[in-house]
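Here are some notes for reading this structure alongside its sequence. Please keep the 3D view open and find each element as it comes up.

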Amino acid sequence: MQFNEIANGFLDFGFRMNFRGGYNILLKGMPDIEVKVMPEPDELYLPLRSRRFLFSEISVKDGERVNSGDILAKDPDNYAVPLLAPRAGVVRLKKDEGQVVLEEIAHLEEHADIDKEEQSHIEHEMGAAGIKRYRLLTLGAWQFFYDAYTGALPDPLGTPQAIIVSTVSLEPYLARGDAQLHKRLLNFNRGLEQLQSLLEYQPIYLVLPDIKSEFADLVRNHIRGYAWVKTVNIPLTYPYDDFSILARKLGLGRDKGPVWGVRTEGVLAVDRALTSTKPCTARIISIAGTGINSPCHIKIMPGYPIKKIMEEYVSEPPVRMINGGILTGQILGEETLGIDTECRGITVLPELREREFLGFARPGWSRSCFAACYLSALRKKFFERFNTGVRGEGRPCISCNFCEDICPAGITPHLIHKYLYRDLLEEAEQARTDLCVECGLCSYVCPSKIDLRQQLIDAKKLIEQEKEEIRKEQLRQEELARKAAEEKNE
Ligand code: SF4
Ligand code: SF4
């Protein structure tokens, strides 16, 4: 046994938690650790919309020449988070098509598009900590932060009760933390130190895989001197890396204030923005799935043409391209020409255009099934070659309970589905629809092919809307009562 192993055995006192549910789908086409750099593009197509952001406030004019790092647009509903120009070029505004195009691309020195007047105003009001937060926002690092419970962008001037930093990424096909950290450990450490400087006494929880690997040990050794970092070791089971599950398991109650979540790429962005004062316009994403020649990671910038990625990595179209992982990603429509600012990976699956002849009667030797009803259940565990075939029609719930068994949030998706089917929104709320972390496992295992995840997402939105309407009505009634009392006194 090596000294390091002995030392790790004694000194690795990180948290270990008990989880429920969760599942790993074994799939071919997972990305390996290699990071390839894509060739420079001729044009960039920057989508104005991403999962959380809508960059509706355009800051540039059609035909304007911009530098790398300039602010092209802002999202006014998300603390004015900016859309930055990843390269110098000439702007072509295609607002109706939902994108900003950069032509005549040049790879010049990046610069920080910081408003000096605003910066000195913030320094005057908030001091050095305010400047740091302003830089994180303006230089594009803040968009890597999440509110652990809602997934929304947190308030950059807020104070969290804790920060959860995750180096683990478990959704199939998404970019792996170790690939992003590889060769960047020093930057990661500096990023952690910068994060800590934003806090007073609040802890940083660093999530690591609960495995013995050379790389995990290297990370543990690097952060060993940081008393303010508490390590949390999690099993590599999807979706135990989810920020809201982790926050709950760590006892960071929602009522005690916000919890921030940030992944490996976010910590590296913090280092870049605060140590080098440079814009964060590059990212390492995965390009994976069974429709890809050699699944790996690619260093890329927002706006990179999807067509160019396809030419490089897809040899046998037709394929379905998904922005994100297999369980929570969104299908990339033909109208989307470039990578958006929040993309963490591109999943490519062979498109099944024709039904398999007598597919329903095949024993499924090469297909896996949660219910162990295919012949493949007799095989040892194997990695399936996934495609877009759904195999069969949707059916009513058969109360098999698979969705309940697998749900990491401890709720009963089939029961909520039945409430929603009968428009019983109040009952759905009482069944704790709000706890759903939108992992998609229930939809994956359901033998009746019910899209439970989407139903729960829609129900959560509806419940929030109803609550908001009730809040507004209460305020309206209070205002009316106040006015009536004033009139009476007069
Ligand atoms: S109900 Fe929500 S948390 Fe539970 S398995 Fe389905 S998507 Fe995941
Ligand atoms: S997995 Fe599907 S069929 Fe089974 S209980 Fe859940 S909703 Fe019903």
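**Notes on the helix contacts, the sheet and the ligand shell**

1. In the contact between two helices, Leu 185, Leu 186, Asn 189 and Leu 192 of H4 meet Leu 218, Val 219, His 222 and Ile 223 of H5. Sorted by class, this contact of H4 with H5 has 6 nonpolar residues and 2 polar residues, while no charged residue takes part. Please bear in mind, here and below, that the model is a predicted one.

2. The geometry of that pair can be described as well: helix H4, which covers residues 185-197, packs against helix H5, residues 214-223, at an angle of about 45°, and their axes are 11 Å apart. Because of this angle, H4 counts as oblique to H5. As for the handedness, the crossing in which H4 passes H5 is right-handed.

3. A second pair to look at is helix H10, residues 413-421, with helix H13, residues 452-489, whose axes cross at roughly 60° and come within 10 Å. That angle is the reason why H10 is described as oblique to H13. The handedness of the crossing of H10 and H13 is left-handed.

4. Which residues make the contact between H10 and H13? From H10 come Pro 413, Ile 416, His 417 and Leu 420, and from H13 come Leu 452, Gln 455, Leu 456 and Ala 459. When the residues of this contact of H10 with H13 are divided by class, 6 are nonpolar and 2 are polar, with no charged residue.

5. Turning to the strands, an open sheet is formed by 4 strands, which follow the order S3-S9-S8-S5 and pair in the antiparallel sense. Strand S3 (44-47) and strand S5 (65-66) are at the edges and each has a single partner strand, so one side of each has no neighbour in the sheet.

6. Finally, please look at ligand 2, around which lie Cys 397, Ile 398, Ser 399, Cys 400, Asn 401, Cys 403, His 414, Cys 446, Pro 447, Ser 448 and Leu 452. By class, the shell around ligand 2 holds 7 nonpolar and 4 polar residues, and no charged ones. Leu 452, listed here around ligand 2, is also one of the H13 residues in the contact with H10.

How values were computed:
Residues are numbered from 1 along each chain as its sequence is written. Chains are lettered from A and ligands numbered from 1 in the order in which they are written. This is a predicted model: local features need pLDDT of at least 70, side-chain atom pairs count only at pLDDT 80 or more; totals for chains, interfaces and linings use all residues. Side-chain values use heavy atoms; hydrogens and water are left out. A residue is near a molecule or strand if one of its heavy atoms lies within 4 Å of it. Ala, Val, Leu, Ile, Met, Phe, Trp, Tyr, Cys and Pro count as nonpolar, Asp, Glu, Lys and Arg as charged, and the others, Gly among them, as polar. Axes are lines fitted to C-alpha atoms, for helices over the stretch in contact, and angles run from 0 to 180 degrees between N-to-C directions. Angles under 35 degrees count as roughly parallel, over 145 as roughly antiparallel, 65 to 115 as roughly perpendicular and the rest as oblique. A crossing is left-handed if the near helix is turned anticlockwise from the far one by less than a right angle, and right-handed if clockwise. Contact means heavy atoms within 4.5 Å. Two strands pair if DSSP finds at least two bridges between them.
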